[in-house]
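Hello,

Here is the structure you asked for. My notes on it follow below.

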Amino acid sequence: MDNSSRSINQLVQILSKTPAFSEKGAERFIEWWWKKPKEDRKKFLEEWTDFTDFGFCSRCFYFANEELCHFCRDADRDKEIICLTVSPFTVDIIEKSSDFKGNYFVLGEEVSGHHNVKKIKSIQARLENLKKSIKEDSVKELILATDFTSSGEATAQLVKEIILPLFPALKISRLGRGFHGGDMISYGDPLTIKKALERRE
Ligand SMILES: [Zn+2]
């Protein structure tokens, strides 16, 4: 095996450790990469390097390049209502589809049938921030925008069980059933999402 095939194998191994690539996907990416002129490769890497310092908002866990994300820094948003999602990308969908002007909270994980201990611990750790926000901002309503799948429902139930006993006066709502059972929010069209927010229950 010459040096270049050794490094290609190494690259496949590195890439297939990321959630974006299967081993086959990593091979396709490397083929594409190999065909690119050197200048384009450099540019691609430089563009990625710009995102090295990015992280999550220390308050709501949305994407941020400062301590707080642009939602949490925006004084015009209604702090008394929080919409909780599992993924930061769901925040983007809701933001694009509706006229929701409250704040967001990103859970980062959802619980499913098995192997939940690590996930529950991570959810509990993030919910510490949510408890703080509910207290400090006198939050009146928490909208649970988790999917209408069994894991989405289980996650919503877990959040309720943790939060409600601490804040009995807090209204905890769920998106309206414009989504049919089993539906995922990320597959919803903008109108369905807008209506589901309006018809929350
Ligand atoms: Zn934030």
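How far apart do the C-alpha centres of domain 1 and domain 2 lie? They lie 35 Å apart. The domain assignment puts domain 1 at 3–49 and domain 2 at 55–198; such bounds come from an automatic or database domain assignment.

Please keep in mind that this is a predicted model, in which local features need pLDDT of at least 70 and side-chain atom pairs count only at pLDDT 80 or more, while totals for chains, interfaces and linings use all residues. Residues are numbered from 1 along each chain as its sequence is written, and side-chain values use heavy atoms, with hydrogens and water left out.

Zinc site

The SG atoms of Cys57, Cys60, Cys69 and Cys72 coordinate the zinc ion at 2.2 to 2.4 Å. Donors here are N, O and S atoms within 2.8 Å of the metal (3.2 Å for Na, K and Ca); water is not among the atoms, so sites may look incomplete. The site is tetrahedral, with angles of 102 to 116° among its four donor atoms (four donors count as tetrahedral if all angles lie between 85 and 135 degrees). Along the chain the donors have the spacing C-x2-C-x8-C-x2-C. Cys57 sits in the loop between strand 1 (55–56) and strand 2 (63–64) and Cys72 in helix 4 (residues 70–73), so this pair ties together parts 15 residues apart in sequence. Helices (H or I, at least four residues) and strands (E, at least two) are DSSP runs, numbered from the N terminus. Both Cys57 and Cys72 are buried (under 20% relative accessible area; exposed is over 50%, partly exposed in between, with a 1.4 Å probe and protein chains only).

Four strands form an open sheet in the order 4-3-5-6, with parallel pairing; two strands pair if DSSP finds at least two bridges between them. Strand 4 (102–106) and strand 6 are at the edges with a single partner strand each, so one side of each has no neighbour in the sheet. Strand 5 (residues 141–144) and strand 6 run parallel and are joined by four bridges. Leu142 has Ile172 in strand 6 as its bridge partner.

Leu164

Leu164 is in the loop between helix 7 (150–163) and strand 6 (171–174). Its relative accessibility is 35%, so Leu164 counts as partly exposed. Beyond its neighbours within four places in sequence, Leu164 contacts Val159, Leu170 and Ile172 (contact means heavy atoms within 4.5 Å).

Regards

Terms used
Tetrahedral: all angles 85-135°; square planar, octahedral: opposite > 155°, others 65-115°.
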